[in-house]
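Please read them beside the coordinates.

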Amino acid sequence: MGKANKKAKAPSATIAQNRKARHEYHLEEHFEAGLVLEGWEVKSMRAGKANLSEAYVLLKDGEAFLFGARIEPLNTASTHITPDPIRTRKLLLNRRELSIIYSGVQKDGFTCVPVSLYWKKGFAKCDIALAKGKQKFDKRATEKERDWNRQKQRLMRQG
């Protein structure tokens, strides 16, 4: 018999997700944006201390900024500076992507929301999406569909 190839399970690339965004909005078009971060923020994100639940994207002067994203400072990494966990962080997008987002927000009534933070080739990236708000009945329909899919899976496992 041959040896079984067992690879060590790589840690997840996802840092934080905004589950509230998927519940509150219909996500239409996704964009990948880089983040301008300080050193202590990178260390905190590697430790998993990021939160996007209250975050939103603001477009100002032809640039995009991430507001309300909370990155908790580590006690060991931030001794010589005074870190601000909710500071405004600049999002790095190219001009074409910015124009698409800006026109969607201005003309079409979309909202720009951060969906998740993740690592890609050692760089922190933010997945942002153009989104339309859901009505209450839309949320109920989504919930019913999710419950039905769960029930189907249970029945398939039993049957």
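1. Helices (H or I, at least four residues) and strands (E, at least two) are taken here as DSSP runs, numbered from the N terminus. On that basis the chain has four helices and nine strands. Their order along the sequence is β-α-β-α-β-β-β-β-β-α-β-β-α.

2. This is a predicted model, in which local features need pLDDT of at least 70 and side-chain atom pairs count only at pLDDT 80 or more, while totals for chains, interfaces and linings use all residues. Residues are numbered from 1 along each chain as its sequence is written, and side-chain values use heavy atoms, with hydrogens and water left out.

3. Confidence is given as pLDDT, the predictor's own score for each residue, from 0 to 100. The chain averages 84, and 91% of the residues score at least 70. Helix α1 (residues 19–24) has the lowest confidence, at a mean of 82, and strand β7 (residues 89–92) the highest, at 93. Where pLDDT is low, the predicted coordinates should not be read in detail.

4. Along the principal axes, the C-alpha atoms fill a box of roughly 60 × 55 × 30 Å.

5. Accessible areas come from the Shrake-Rupley method with a 1.4 Å probe; for residues, only the protein chains shown count as cover. The accessible surface of the chain is about 11200 Å², and carbon and sulfur atoms hold 50% of that. Buried means under 20% relative accessible area, exposed over 50%, and partly exposed in between (1.4 Å probe, protein chains only). Of the 159 residues, 33% count as buried.

6. Contact means heavy atoms within 4.5 Å. Among contacts in the chain with a separation of 6 or more, 69% are between residues 24 or more positions apart.

7. A nonpolar core is a set of buried Ala, Val, Leu, Ile, Met, Phe, Trp, Tyr and Cys residues joined through side-chain atoms within 4.5 Å. The largest one has 28 residues, and M45, L91, L117 and I128 have the most contacts inside it. Elements that each supply at least two of its residues include β1 (14–17), β2 (25–35), α2 (39–46), α3 (95–106) and β8 (111–120). The largest share, four residues, comes from β9. Beyond its neighbours within four places in sequence, M45 is in contact with I15, L35, L37, A50, I71, L117, W119 and A124.

8. A disulfide is a pair of cysteine sulfur atoms within 2.5 Å, and a search of the whole structure finds zero. For C112, the nearest cysteine sulfur is that of C126, 8.7 Å away. C112 counts as buried because its relative accessibility is 4%. C126 is also in no disulfide; C126 is buried, at a relative accessible area of 0%.

9. Most residues other than glycine have a negative phi, and most peptide bonds are trans. D61, in the loop between β4 and β5, has a positive phi near 55° and is not a glycine. D61 is exposed, since its relative accessible area is 73%. K121 lies in the loop between β8 and β9 and has a positive phi of about 55°. At 78% relative accessibility, K121 counts as exposed.

10. Leaving aside neighbours within four places in sequence, G68 is in contact with E54, A55 and I86. G68 and D84 are 16 residues apart in sequence, with 11 Å between their C-alpha atoms.

11. E97 lies in helix α3 and counts as buried, because its relative accessibility is 16%. Not counting residues up to four places away in sequence, E97 touches F31 and E32. A131 is 34 residues from E97 along the chain, and their C-alpha atoms are separated by 15 Å.
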